Amino acid sequence: MTPLLQITNLRASIDDREILKGIDLTVNPGEVHAIMGPNGSGKSTLASVLAGREDYTVTGGSVLFQGKELLELSPEERSREGLFLAFQYPVEIPGVSTANFVKTAVNEVRKHRGEEPLEPAAFLALMRERMALVEMDPSFLQRSLNEGFSGGEKKRNEIFQMAMLDPVVAVLDETDSGLDIDALRIVASGVNALRRPNNATVVITHYQRLLDHIVPDFVHVLWNGRIVRSGDKSLALELEQRGYDWLKQEASVEA
Amino acid sequence: MDQQTVLDEVVSSEYKYGFTSNIEQELLPKGLNHDVIRFISAKKNEPEWMLEWRLKAYEQWLTMKEPTWPNVDYPPVDFQDIIYWAAPKKKPELNSLDEVDPEILATFEKLGIPLEEQKVLAGVAVDVVLDSVSVKTTFQEKLAELGIIFCPISEALETHPELVRKYIGTVVPTNDNFYSALNSAVFSDGSFVYIPKGVRCPIELSTYFRINARNTGQFERTLIIADEGSYVSYLEGCTAPQRDENQLHAAVVELIAHDRAEIKYSTVQNWFPGDKDGKGGIYNFVTKRGICAGVDSKISWTQVETGSAITWKYPSVILKGDNSIGEFYSVAVTNNKQQADTGTKMIHIGRNTRSRIVSKGISAGVSQNSYRGLVKVLPVAQGARNFSQCDSLLIGDACGAHTFPYLEVANSSAIVEHEATTSKIGEDMLFYCNQRGIDTEAAVALIVNGYAREVLNQLPMEFAVEAQKLLAISLEGSVG
Ligand SMILES: Nc1ncnc2c1ncn2[C@@H]1O[C@H](COP(=O)(O)OP(=O)(O)O)[C@@H](O)[C@H]1O
Ligand SMILES: [Mg+2]
């Protein structure tokens, strides 16, 4: 079985400052991985490097996506191949309706797969169906992308787009932060509804509470640019009780 | 007369950039004097009063100076180095496109706007201006049934001289500015439109302008009159072949709306902006003005400006009739070394007059994009209202956006609102689009069209689609 994502000794820096200091992570089909860790440990950086953000320089290591070299692809090619990033801070695009944006994105992916653009009616029906997954009102389709959306609405819109693009690997960067308990439940059930044996999800989060809803197969702790511990979901509970300091101390001793 | 010398070798030469079509041309030698104006007027069989009007404008022009206040920078224009007359040798009278010179059709094909296609475009009458003389007019018969006059202004001078004489120069006086004086002296051709009382023009009237003769300044003159209770929508669109010399274009457009009449004037302008170093682009110094002469009348300007090396253009409305409405919707794109100084003037005279200004500037490369707008409320303009929205969008760090709003309000009952924003297409926005499978070029097109949507929505449907593509093309390569 080819892993969907295989990260080996990945190193990345920004402005000559090394942020990722050798990450190893293997994600197989059907799995859910949680990445936890204190602020500033490099979680968003990892997500950005995977998605191909140019600000970061990859200084070493490799990433295989379904067996292919991911780092050689442009950000849009990575997306079309099936890598999705739900942004910690989704951007607003004035004047571009959510419907138009999503249609453009979906048609790019379809073109990449050699498929015809969807008929407008079929597309609208699909959008409505997928919006229902995250209990988003169809009126959002006509509104400018993310403009004037509340924090929770923006996060739901990310998951709606994920549902439309149907990725192979989805990386959710703190999709839970800023959500109240109801919104959290809605977002999580949307993500769960998209789980299949042939895709995988990487959930970046600070909090155990999201993992009550999206139950991970593996939990990793990222600190200071390295994965300092991996375990099953009980690790998340342990972190909840003990915090991160004990891990930091252990990691410092080992280093 | 040596002015009649035909410089055939100039016409038939090939150029380093772009192409020129081989339609037989008639050119005057370079330079401007009384004889040149007499020649032009005689060529067109104009009535004596028209010649005198031109000569008076020329005298005025001689005393005037080129304006220096626009925020643009270019080498001085040598007005004696311009050819003031160029026309296709034959001026055929044609009833169908099949009779058009195949050379002309080929030129349009190269430009990607085949006439054949235009003919099929349902509901669009096309008055093609190639160089200075109108070559083809379509849909005329249908319009004639309604009493609508839509023809080259040179033809109107022959068939309806009294109408031309009554209105020409009434909105833009010959001595209004340096370029309007020049245009009045030497204007070559342009469109004339008259919509009779109570008639709603059933089709979009459209004119494609082309600049197609080397070293030939273009001096178009357009006059549109909407009589009481009438309506007309007019679209002007331009493209030009690439060339390696600067070309001056100084058009004058005058609109007159009588009681309860409405004129909608839309422009999609994509003249050659010059190459990446700014070489060879068109200088576009235009005077466009309309008057809401009657009560409850309305004039609306919509422009999508993507071309020209230098643009200097302020489509304006004089709101004279009570309850009249003036609108200005503009998207101005500058890329590479383009410079644009554009905006509008809304002059409130009548009571309860309203005006609305929506200006969207988009700057990329090392271009400079200025909005310059005047809202003037005269003491008699009781209850005047204006709303202005001026937005600037920057692509990259090397371009400039400037806003110069002028307010002169002399009636305390006036309500004048001005809003302005400046935004940037940032890395974050582009990366977000990339992450959704949308490449940077497509992302810029998407973002820019979203930004300009309020203006594009004002265009007739089929032209809105064209304009959207044009915006994307104009900004190709501006990021990354
Ligand atoms: N664009 C950037 N410029 C400079 N430093 C950055 C940038 N992005 C991240 N960093 C730094 O990298 C480290 C990791 O940040 P980040 O990946 O956002 O952490 P996390 O998501 O785990 O909170 C932090 O010290 C942060 O300041
Ligand atoms: Mg983060």
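1. Donors to the metal are taken as N, O and S atoms within 2.8 Å of it, and since water is not among the atoms, a site may look incomplete. In this predicted model, the magnesium ion (ligand 2) has two protein residues coordinating it, A:S44 through OG and A:Q88 through OE1, at 2.1 to 2.5 Å. A:S44 belongs to helix α1 (residues 43–51) of chain A, while A:Q88 sits in the loop between β6 (83–86) and β7 (93–97) of chain A, so the pair ties together parts that are 44 residues apart in sequence.

2. The two coordinating residues may also be described by their accessibility. A:S44 has a relative accessible area of 27% and is partly exposed. A:Q88 has a relative accessibility of 17% and counts as buried, because the cut-off for buried is under 20%.

3. In chain A, helix α4 (residues 120–133) packs with helix α5 (residues 151–165) at an angle of about 130 degrees, the axes being 9 Å apart. This angle makes α4(A) oblique to α5(A), and the crossing of the two is right-handed. On the α4(A) side the contact is made by A:F123, A:L126, A:M127, A:R130, A:M131 and A:L133, and on the α5(A) side by A:F160, A:A163 and A:M164. By class, the residues of this contact are eight nonpolar, no polar and one charged.

4. A:V187 is placed in helix α6 (residues 181–193) of chain A. With a relative accessible area of 3%, A:V187 is buried. Apart from neighbours within four places in sequence, the residues in contact with A:V187 are A:R156, A:I159, A:T175 and A:L179. Between A:V187 and A:S74 the sequence separation is 113 residues, and the C-alpha to C-alpha distance is 29 Å.

5. The crossing of α2(B) and α3(B) is right-handed.

6. The composition of that chain B contact is as follows. From α2(B) the contributing residues are B:H34, B:I37, B:R38, B:I40 and B:S41, and from α3(B) they are B:L51, B:R54, B:L55, B:Y58 and B:E59. The contact of α2(B) with α3(B) comprises five nonpolar, two polar and three charged residues.

Note on methods:
Residues numbered from 1 in each chain as written. Chains lettered and ligands numbered in written order. Predicted model: local features only at pLDDT ≥ 70, side-chain atom pairs only at ≥ 80, totals over all residues. Heavy atoms only, no water. Donors = N, O, S within 2.8 Å, 3.2 Å for Na, K, Ca; no water. Helix = DSSP H or I, 4+ residues; strand = E, 2+ residues; numbered from the N terminus. Buried < 20%, exposed > 50% of the residue type's maximum accessible area, 1.4 Å probe, protein only. Axes fitted to C-alpha atoms, helices over the stretch in contact; angles between N-to-C directions. Parallel < 35°, antiparallel > 145°, perpendicular 65-115°, else oblique. Left-handed = near helix turned anticlockwise from the far one by under 90°. Contact = heavy atoms within 4.5 Å. Nonpolar A, V, L, I, M, F, W, Y, C, P; charged D, E, K, R; others polar.
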